[in-house]
Amino acid sequence: MGGADVSERKITLRVNGRTHEVSLPGHRTLLEALRDLGHTDVKNGCEKGDCGACTVLLNGRAVNSCLVLAWQADGATIVTNSGLGTADDPHPIQTAFADAGAVQCGFCTPGLVLSAKALLDANPNPTEAEIREAISGNLCRCTGYSQIVEAVRLAAVRSLKGSGEASHRGQSATDGSHSPSGSRVTGEVQ
Amino acid sequence: MTDPVTPKTLPPHHLPPLKQIGKPLRRVDALGKAVGATQYAADFTMPGMLHAKVLRSPIASGKIVRLDVARARALSGVACVLTGADLPDAKLGTDMPGQSGRAARTGSDAPVLATDVVRFHGEPIALVAAETLEIAEAALQLIDLQLEPTPGVFCPEQGLMPGAPNVFGTDNAVASYKIRKGDVEKGMAQADLVIENTFFVPFVEHAYLEPEAGVAWVDEQGTITIRVCTQVIEHFRTVAKALGVPQNKVRVMGTMVGGGFGGKEDVTVEIFLALLARATRRPVKLVYTREESFLATSKRHPFKITHKTGVKRTGRITAAEITMLADSGAYPYLTPYVLLYATGMAAGPYKIDNVKIDSVAAATNQPFTSAFRGFGGPQAAFAYESQMDEVAKALLMDPLELRRVNYLKTGDTTVTGQAIRSAAWSEECATRALAALGEKTPDTPDRKVGRGFASYFQSYGRIMWFHDTSRAWVGMELDGTVIVRCGVPDIGAGQSNSLCQIAAEVLGVPLERVSIYSTDSALTPLAGTSTATRQLYMSGNAVLQAAGVVRASLVKKAAEMLGVSPEDVDLADGEASVVRSPGSGAARASSSPSGLGGGMPLADVAARCASSGLPLAHLAQFNAPFTEGLDPETGRGDIWPDFTFGAQAVEVAVDTETGEVEILKSAACHDVGRAINPAAARGQIAGGSHQGLGYALMEEYVVKDGMTQTPSLSEYLIPTAVDFPSTEAILLESGTGVGPFGAKGIGEPSLTPAAPAVANAIADALGVRIFSLPLTREKVLAAADAGKNVVKPDRHW
Ligand code: FES
Ligand code: FES
């Protein structure tokens, strides 16, 4: 830890609409600070910027929170995956992930949902290639990404249809046994 | 020829009509994970909790000449420092854990902490618990550790040479097997052609996204309680043995596991946490960093495999002689079993009458190797499927045609003489996977397009002489909702969900009315390990049995209430209703006592069961078939309960200037027996395929003289979303598996065929084979150069 900035700084972290006034050593990463504050949906997969599990939205931009020092986020608006929705009132992207079978172990999911959110905010109707590019900084070891790509596409299609209600229906998912091609993104599925 | 066995093969439309099974329902665990509400092992904290760190060996082989922890102990904020000297009797059991009552293999115990010598880079030496993580890290720096390097063993061949340094125990040969079937010399003599090749596969890292983590404390009854991400909550026994405490004084509460793939099958943080919690009487948390996760835990075994195949001009294989050499690393762990799997599957899904296999695993001062999705199967498959294409090439035969002549069929026997009892749809799977590739992409001047496929067979369920068992409890509450209690660790593949879907099916309730409590060694019935693709088979059958007993109560009471006989009662959609038995006329009754759309709410039936003393809950135990083991001289005997069959086909474009390989298309077809949840089964196939494609093209855990060279996710590369296209998953359902509703296992098998399929596709593109994984740019470029003068035989794809 030689040379690390250990002097405490007083900062304000605005996370999911909550405000935390905290005093932290200068070397503390945003990932560590958020997890210490109880935002454990922000996952630590490497602490080196290699995996994307720690993704948060910082003023709307998806960043690896392990590569940001906490004081650099002083005063910024931070959104973690839990800030998007809850089990009772999930965000349409979260619902799409659950519906499309995009969640296996789930450790990568919070970060992926946020990368998807940042993408869809900027580009509401992305192609498969654009989706893949946007999530390429988020590693997932379980799914092979196919159902994640489908989930993002599903969220896009549902939101383009403006059927906010439909996205909360649940219980619909892709039926692999009849899917014409796992590599094709088909959008709305029943 | 063996006795003909009547295949239990049923076309899918003969399977019983099901309501919950076979539907791609949203998994019960999905939404909680999607909204970030699911808690993982590193997310828990406790009041007064200490933070732990582990001091690890910076070298691969050496003597500990000095280990002084006095300064670390004296640091303010340090609660405890432990070394091997503090734990003279502590041993880490590395043998197969779980429900088996078998005695551990002699020589399988490793030290919990190294005392006199270190045997691999990353071996644990000392433990620290402190008030904060920073203090624990500072304390590690204050430990005075002096090591004297000693000559090590850095490849398995060297380990087996006379005079090689002894790594651990008395013999560097950790395990070996012999299989003798028929007469291999006679078989070779009958052959028109004999083809021999040698194949190599490297160390591979599991690289699950969640590093190992846990929190432990001693509860008010003195029970050491460990909340940890593990595939095996039965390690409470391993912990009890290491600490010398009774087994009922250790409790493992498993959390949702952020990926396992075999890497969380062995003990990771549990014993360290238990020791520190016992010593400090405070809660202790230990979370591995990514680098530590890489250094501290097992790898997939490197293998060297030689195939000598005798074949007739017709394509009929007359003999196979196979040798296998595996790197076991510094401690045995599950190597003997992985080697057994690789040996038992070494010849692939082919009927060969004359077989000789010799396999051995050797200890080295390298990372220890143990379970990894496929458990020896993927290494074996890379070799046997590469070899099959080489045989086809030598015969100028279509690779599928060659395989068609030799595929194992139901009733045929494996190399150990075990009869295949379920459907063996190899040909169907290969044909469909190839067909799914569609039109072939044309070559361009500097990109050659090739196609390849691989078939495989892979066991599911444990080795039968482990006497595997699983337990599950199923109960209906008085409002008609259902609870499952089962010690199953959920490692992300939908283990819990499948059990819920089975209970929902049997009890006639929608999936959302089923809740599951799982993974607690004290409170949920022990279900065995989430390994060996066994949970759907084992715990699925246990849930099926338990739910069946509850169903019987409900049906009996409903029949009384409806005034019909039990055979005429059906449970569906949360209601009991009258159906006429087949042949007795009308179907569902048009009216019912409750008048609610033709059925009586199960809540009403459950209440009446409760008031009349009929059981609404049941604990069932499912026992796998037991056998006694293999004959040590011939290797004859039955090893596994059953096998999954399938194939994967890929189309690749090879850039002959850069050596870059692009996967253009990938399709995998597996007979899953019965897809309990098709979306989840498809997820297993897509994910397993991706891991397999990574194994094919990019993954190698590089070790040089025992030292890890790739300790991060920027050095050890795993596939991202832009590396490969999705693998199209084609599910076949023969209904012939030994799992519930005829299910087979798909978790591990889904990985197995990818790497040989890619190797075969590259060989097809270039006309030159690469014999080792991964198929890197350098190797591909060299093959492309060598292939410039090769005339490719015409293939009839
Ligand atoms: S934890 Fe931040 S990128 Fe991996
Ligand atoms: S679901 Fe496990 S890492 Fe993505």
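Biologist: How do the residues of the lining of the largest pocket divide into nonpolar, polar and charged?
Modeller: This is a predicted model, and its largest pocket has a volume of about 1,700 Å³. The lining is made up of 50 residues, with A:Glu47, B:Lys53, B:Leu133, B:Glu137 and B:Thr289 closest to the centre. By class, the lining of the largest pocket holds 21 nonpolar, eleven polar and 18 charged.

Biologist: Which helix of chain A supplies at least two residues of the lining of the largest pocket?
Modeller: Chain B contributes β1 (50–56), α3 (133–142), β14 (284–287) and α8 (290–296), each with at least two residues in that lining. From chain A, the element that does so is α1 (30–36).

Biologist: Where does A:Glu47 lie, and what is its phi?
Modeller: A:Glu47 is among the residues closest to the centre of the largest pocket. The residue sits in the loop between α1 and β3 (55–58) of chain A. Most residues other than glycine have a negative phi. A:Glu47 is not a glycine, yet its phi is positive, at about 60°.

Biologist: Why does the largest cavity lie between domain 1 and domain 2 of chain B?
Modeller: The largest cavity holds about 670 Å³ of space, and α13 (495–507), α14 (535–562) and α16 (678–697) of chain B each give at least two residues to its lining. The cavity lies between the two domains because its lining takes residues from both domain 1 (1–38 + 422–462 + 640–797) and domain 2 (469–623).

Biologist: Which residues lie nearest the centre of the largest cavity?
Modeller: The lining of the largest cavity divides into 18 nonpolar, 15 polar and seven charged residues. Of the 40 residues that line the largest cavity, those nearest its centre are B:Ala493, B:Gln495, B:Thr533, B:Gln684 and B:Gly747.

Biologist: How much space lies in the second largest cavity?
Modeller: The count of cavities of 30 Å³ or more is eleven. The second largest cavity has 21 lining residues, including B:Leu92 and B:Tyr333, and the lining divides into 14 nonpolar, four polar and three charged. Both β5 (109–111) and α7 (270–280) of chain B supply at least two of the lining residues. The space in the second largest cavity is about 240 Å³.

Biologist: What is the area buried between chain B and chain A?
Modeller: The size of an interface is often given as the accessible area lost when the parts come together. Here 63 residues of chain B contact 60 residues of chain A. Carbon and sulfur atoms give 55% of the buried area, which is about 4,600 Å².

Biologist: Which residue of chain A meets B:Glu699 in a salt bridge?
Modeller: Over all chains there are 45 salt bridges, and between chain B and chain A the count is six. B:Glu699 is in the loop between α16 and β28 (703–704) of chain B, and its partner is in the loop between α5 (128–134) and α6 (146–160) of chain A. The N to O distance is 2.7 Å, and the partner is A:Arg141.

Biologist: What is omega for the cis peptide bond between B:Leu773 and B:Pro774?
Modeller: B:Pro774 is in the loop between α17 (754–766) and α18 (777–786) of chain B. Most peptide bonds are trans. The bond that joins B:Leu773 and B:Pro774 is cis, with omega about -10°.

Methods. Residues numbered from 1 in each chain as written. Chains lettered and ligands numbered in written order. Predicted model: local features only at pLDDT ≥ 70, side-chain atom pairs only at ≥ 80, totals over all residues. Heavy atoms only, no water. 1 Å grid on protein atoms, 1.4 Å probe; cavity = no way out; pocket = protein on both sides within 12 Å on 5 of 7 lines; lining within 4 Å. Points joined across faces, edges and corners; volume = space filled by probe spheres on them. Helix = DSSP H or I, 4+ residues; strand = E, 2+ residues; numbered from the N terminus. Nonpolar A, V, L, I, M, F, W, Y, C, P; charged D, E, K, R; others polar. Domains from an automatic or database assignment. Contact = heavy atoms within 4.5 Å. Buried area = accessible area lost by both parts, 1.4 Å probe. Salt bridge = Lys/Arg side-chain N within 4 Å of Asp/Glu carboxyl O.
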